[in-house]
Amino acid sequence: RIDKALVFVTLFCATLTGLNGCKNKNKSKEIQNEAKPNVVVIYLDDLGYGDLGVYGAKGLQTPNIDNLANGGVRFTNGYATSATCTPSRYGLLTGVYPWRNKEAKILPGTAPLLIGTEQMTIPKMMKEKGYHTGIVGKWHLGLGTGVVNWNEHVKPGPNEVGFDEAYIMAATQDRVPTVYIDNGYVDGLDPNDPIEVNYDKNFEGQPTGKDNQELLSMKWHHGHNSSIVNGIPRIGYMKGGESAKWNDVDMADHFLKKAQAYVKEHKNEAFFLYYAMQQPHVPRTPHPRFVGKSDLGPRGDVIAEADWCIGEFMKTLEQEGLLENTLIVLSSDNGPVLNDGYYDDAVEKLGDHKPNGPFRGGKYSLFEAGVRVPFITYWKGKIQPVVSDALICQVDLLSSLAHLLESDVKTKDSEQLLDVFLGKSEQGREELVIEATTRTAFRKGDWIMIPPYEGPAVEEQVNIELGNSSEYQLYNLKDDKGQQNNLAVSNPGKLNEMLEEFTAIRGN
Ligand code: NG6
Ligand code: CA
């Protein structure tokens, strides 16, 4: 009889476990969860410091991201490592300053994998701790080892540097190949219509943005005059792969569905998800549901679209009962740009919105707005709402997440600042080296020092001040957020101190 009763209880428990019913089982799951929270990094592309409601946006609403910020830590001194995409993503995932790698520049769609397969990465560190790891969205860190055949297994790529699952676009929305890649295989490819990609020359007889303006639904301003896909001229040439080509206006929904499916599939194990959204990078192609959602034209509309996606994604976490057990980090890979190569009204409809917030410069710039980005952490029940002025950088996530997971992984450049990320401490970094198109500058405390660089003061095509000058520049960001008052001449003591420490870190 006792045996029978036991069997019955066990069966009863087994049945209820799925419905969160059996106490003992749940307890062990709780203990496991306590030590192994899920981590989600939501990474936007070219979103500026001032582009969110909570950071002062005008003519555009971002209620879902604002909710995260208002319920978590909103950083005012949060940095990407670099003012462009590839290097920032490299710094985020490897915990190594991108300027240490000479190849960490904006990559074409045919570039080889930038991260060494032996290198430590956030997903690798998490895998070592028993996590399942996934990426959905923009990769832009190179694929393969040289010449890639897009019709075969494309590797090495994200799967070889720590991601168990990878559903990506290879480079950017404005670069070929304009297809999704599902764990190394082009999604939806018809073997009878193979893909060819070339960044140097066109395939015979294929129309281009340069020669076939009549075929365009979006006009190029600079660059972006090679192959035409969905009426949009791109960077680079591509032939074939018709059935695999993405639909630009559906991209946000497509990635969202993949991110939601990933969560649902892995809700019963600890997971790390890198959700790398394409907005508001060019070409800005809001789904028709979002056209006109902002006063700012397509650039504002796609930010509203991204915000909606994040709201839907949060709903999924909530519905799956994962909110209390998931740390969310939201940031952007670099600062804002208006005209980045297409005519899309970003300049014309700007109104009094300030994508760069109070800062000078923008994408590509060594001034603050190139790298100072929205930075938010959220963890329901674990993080108390606060605005933090602590100095932090995306490069610090590797060591800090390692600490959270009780892993001893650490890199020289990645500081362990878990308490800062959790809003329990304001003791951030002392100093930081920032980078923009291979140039570097040095922040220490409230001060920033930009050494002299050759090159134009303004990149005319995008109308952004790059930070180049023949003089040293020294600013006190506390009183001078907009970097208007160069103190290099009046404060030579500070300049020398900064220069010495900067040189020691840069090693030249
Ligand atoms: C630039 C492109 C720009 C954008 C950028 C990469 C031209 C003229 N400009 O070369 O449009 O694609 O690369 O942006 O082609 S990033 O956010 O991925 O770094
Ligand atoms: Ca970017």
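## Strand β11 and its neighbours

In this predicted model, tyrosine 43 has alanine 276 of β11 as its bridge partner. The strand that β11 meets here is β1 (residues 38–44); the two run parallel and are joined by five bridges. Alanine 276 also stands opposite glycine 137. Strand β3 (residues 132–138) pairs with β11 over six bridges, again in the parallel sense.

How many of the six residues of β11 are buried? Six of the six are, so the strand is largely enclosed by the rest of the structure. Phe271, Leu273 and Tyr275 point one way from β11, while Phe272, Tyr274 and Ala276 point the other way. Residues on both sides are buried.

## The antiparallel sheet

Strands of a sheet pair through backbone hydrogen bonds, in either a parallel or an antiparallel arrangement. An open sheet of four strands shows antiparallel pairing, with the order β15-β16-β17-β20. Its edge strands are β15 (431–436) and β20 (473–476), each of which pairs on one side only. Neighbouring strands in this sheet are turned against each other by 20° on average, direction ignored.

Within the sheet, β16 (residues 439–444) and β17 (residues 447–450) pair in the antiparallel sense through three bridges. Arginine 443 has isoleucine 448 in β17 as its bridge partner.

## Cis peptide bonds

Most peptide bonds are trans, and most residues other than glycine have a negative phi. The bond from valine 176 to proline 177 is cis, with omega near 0°. Proline 177 belongs to the loop between β4 (165–169) and β5 (180–182).

A cis bond also leads from valine 282 to proline 283, where omega is near -10°.

## Asparagines with positive phi

Asparagine 230 has a phi near 55°, a positive value in a residue other than glycine. The residue lies in the loop between β8 (228–229) and β9 (232–233). Is asparagine 230 buried or partly exposed? With 15 other C-beta atoms within 10 Å, asparagine 230 is partly exposed.

Asparagine 463 is not a glycine either, yet has a positive phi of about 55°. The loop that holds asparagine 463 runs between β18 (458–459) and β19 (464–465). Asparagine 463 is exposed, because 12 other C-beta atoms lie within 10 Å.

## Surroundings of ligand 1

Ligand 1 is surrounded by 17 residues. The closest are Thr84, Cys85, Gly223, Asp340 and Gly341. By class, the shell around ligand 1 comprises four nonpolar, nine polar and four charged residues.

## Overall dimensions

The protein contains 10 helices and 20 strands. Its C-alpha trace spans about 90 × 65 × 45 Å along the principal axes. A compact globule with 508 residues would have a radius of gyration near 23 Å, and the value for the protein, 23 Å, agrees with this.

Of the 508 residues, 52% count as buried. Among contacts in the protein with a separation of 6 or more, 69% are accounted for by residues 24 or more positions apart.

Notes. Residues are numbered from 1 along each chain as its sequence is written. Chains are lettered from A and ligands numbered from 1 in the order in which they are written. This is a predicted model: local features need pLDDT of at least 70, side-chain atom pairs count only at pLDDT 80 or more; totals for chains, interfaces and linings use all residues. A residue is buried if 20 or more other C-beta atoms lie within 10 Å of its own, exposed if 12 or fewer, and partly exposed in between; C-beta atoms are placed from the backbone. Two strands pair if DSSP finds at least two bridges between them. A residue is near a molecule or strand if its C-beta atom, placed from the backbone, lies within 6 Å of it. Ala, Val, Leu, Ile, Met, Phe, Trp, Tyr, Cys and Pro count as nonpolar, Asp, Glu, Lys and Arg as charged, and the others, Gly among them, as polar. Axes are lines fitted to C-alpha atoms, for helices over the stretch in contact, and angles run from 0 to 180 degrees between N-to-C directions. The radius of gyration is taken over C-alpha atoms; the globule rule is 2.2 Å times the number of residues to the power 0.38. Two residues are in contact if their C-beta atoms, placed from the backbone, lie within 7 Å.
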